[in-house]
Amino acid sequence: MRHITNVSHKAQVIPKADVPFSEEVKKLDQSIDELYGKWNYYDILPDVCDLLRRRSDLVAPQHLVRESIWSLSKAILFDPLSGVNFSMRGRRYINSGDFALACADFAVASRLIPENWYVWYHLGLCNLILGNYDLAEKAYAQCANIPTTLSLRAALLNWQWITLMRQGRREEAAQLIEEVDASWNMDGTDNYLRLLLLYKGELTPEEAMTVPNDPEPILSVTTQGFGVANYYRVNGDMENYKKTLDRTLEVGREEAWMCFGWAAAEYERKRL
């Protein structure tokens, strides 16, 4: 299988390229090539799609995002009715900063696997970043109807609050998070809970930026940074909004550029 080199594009510069494949990826490539040699398309359909998805998962942590997207595009060619394929590729498009393409993939996935919480969640995120607030709100409404954990509910509330505030619907935003409480059990990470407490006025922006005993500090750099930046934005403090975006981009540039918060921060900073 050929190696797709990561490239720069208008939304984001992918900083790492030409990373050698691991032995596991090389073995997968050999297995996929062997399957291609079979004469009956339907015989190889389930196996080749599974291998391509595994390949995508293996190369993405190497920062080979374009390679990961290519693997999933190939899987979609074999199985265009798999919502999982579209959902996985949508996440990789987010990693690369291509929010419009990610949004399109999640829109397709929402038709194919409408029971999936993460599909509606990411569809809402993409529409929010693209400025399609009505569509974001509709996606979040679908997401809210699907049972999930309290931790994921806090994440959803964060984006719903931002969506309402960006539309100037302050009273609705305040009502949305009335029941949020600092005692909520967040399953080991309280990133989004701290942002919600900031929105309620129970934490300062500086306090919200710090997550005590954080198991994933790099992820928090982007999650907290983008959340606090938006808090400044919807409250009319554009100077601190820009400063916080810049700080988020600088701190996370080397290790966190694949995180949603970092890609979103860069997307918005370039459009200011």
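Modeller: Helices here are DSSP runs of H or I with at least four residues, strands are runs of E with at least two, and both are numbered from the N terminus. Keep in mind that this is a predicted model, where local features need pLDDT of at least 70 and side-chain atom pairs count only at pLDDT 80 or more, while totals for chains, interfaces and linings use all residues. Residues are numbered from 1 along each chain as its sequence is written, and side-chain values use heavy atoms, with hydrogens and water left out.

Colleague: Why is helix α10 called mostly covered?

Modeller: Buried means under 20% relative accessible area, exposed means over 50%, and partly exposed is in between, with a 1.4 Å probe and protein chains only. In α10, residues 191-199, nine of the nine residues are buried. Among them are Asn-191, Tyr-192, Arg-194 and Tyr-199. For the protein chain, buried residues make up 52% of the 272 residues.

Colleague: Why does Arg-194 count as buried?

Modeller: Its relative accessibility is 14%, and the limit for buried is under 20%, so Arg-194 qualifies. Asp-190 has a relative accessible area of 22%, so Asp-190 is partly exposed.

Colleague: How do you know that Asp-190 and Arg-194 form a salt bridge?

Modeller: A salt bridge needs a side-chain nitrogen of Lys or Arg within 4 Å of a carboxyl oxygen of Asp or Glu. The closest N and O atoms of this pair are 3.9 Å apart, so the pair meets the rule. By this rule the count comes to 13 salt bridges. As background, side chains of opposite charge can pair when their charged atoms come close.

Colleague: Which parts of the chain do Arg-92 and Asp-57 link?

Modeller: Their side chains meet in a salt bridge at 3.8 Å, N to O. Arg-92 is in helix α4 (residues 83-95) and Asp-57 in helix α2 (residues 41-59), 35 residues apart. Arg-92 is buried at 17% relative accessible area, whereas Asp-57 is partly exposed at 40%.

Colleague: What makes Arg-66 and Asp-98 a tie between separate parts of the sequence?

Modeller: Arg-66 forms a salt bridge with Asp-98, with 3.2 Å between the closest N and O atoms. Arg-66 lies in helix α3 (residues 65-78) and Asp-98 in the loop between α4 and α5, so the pair ties together parts 32 residues apart in sequence. Both Arg-66 and Asp-98 are buried. Elsewhere, Glu-137, Arg-169 and Glu-172 are linked in a network of salt bridges.

Colleague: Why do Cys-103 and Cys-126 not count as a disulfide?

Modeller: A disulfide is a covalent bond between the sulfur atoms of two cysteines. The rule used here asks for a pair of cysteine sulfur atoms within 2.5 Å. The sulfur of Cys-126 is the nearest cysteine sulfur to that of Cys-103, at 5.4 Å, so Cys-103 is in no disulfide. Cys-126 is in no disulfide either, and the structure holds zero of them. Cys-103 is buried at 11% relative accessible area, and Cys-126 is buried at 0%.

Colleague: What makes something a nonpolar core?

Modeller: A nonpolar core is a set of buried Ala, Val, Leu, Ile, Met, Phe, Trp, Tyr and Cys residues joined through side-chain atoms within 4.5 Å. The largest one has 62 residues, and those touching the most other members include Phe-99, Trp-159, Val-180 and Phe-260. Helix α8 (residues 150-166) gives the largest share of this core, nine residues. Apart from it lies another core of eight residues, among them Leu-28, Ile-32, Val-48 and Phe-78.

Colleague: Which residues is Val-180 in contact with, leaving aside neighbours within four places in sequence?

Modeller: Contact means heavy atoms within 4.5 Å. On that basis Val-180 is in contact with Leu-157, Leu-193, Leu-196, Leu-197 and Lys-200.

Colleague: Why is Val-108 called partly exposed?

Modeller: Its relative accessible area is 33%, which is between the 20% and 50% limits, so Val-108 is partly exposed. Val-108 lies in helix α5 (residues 99-112).
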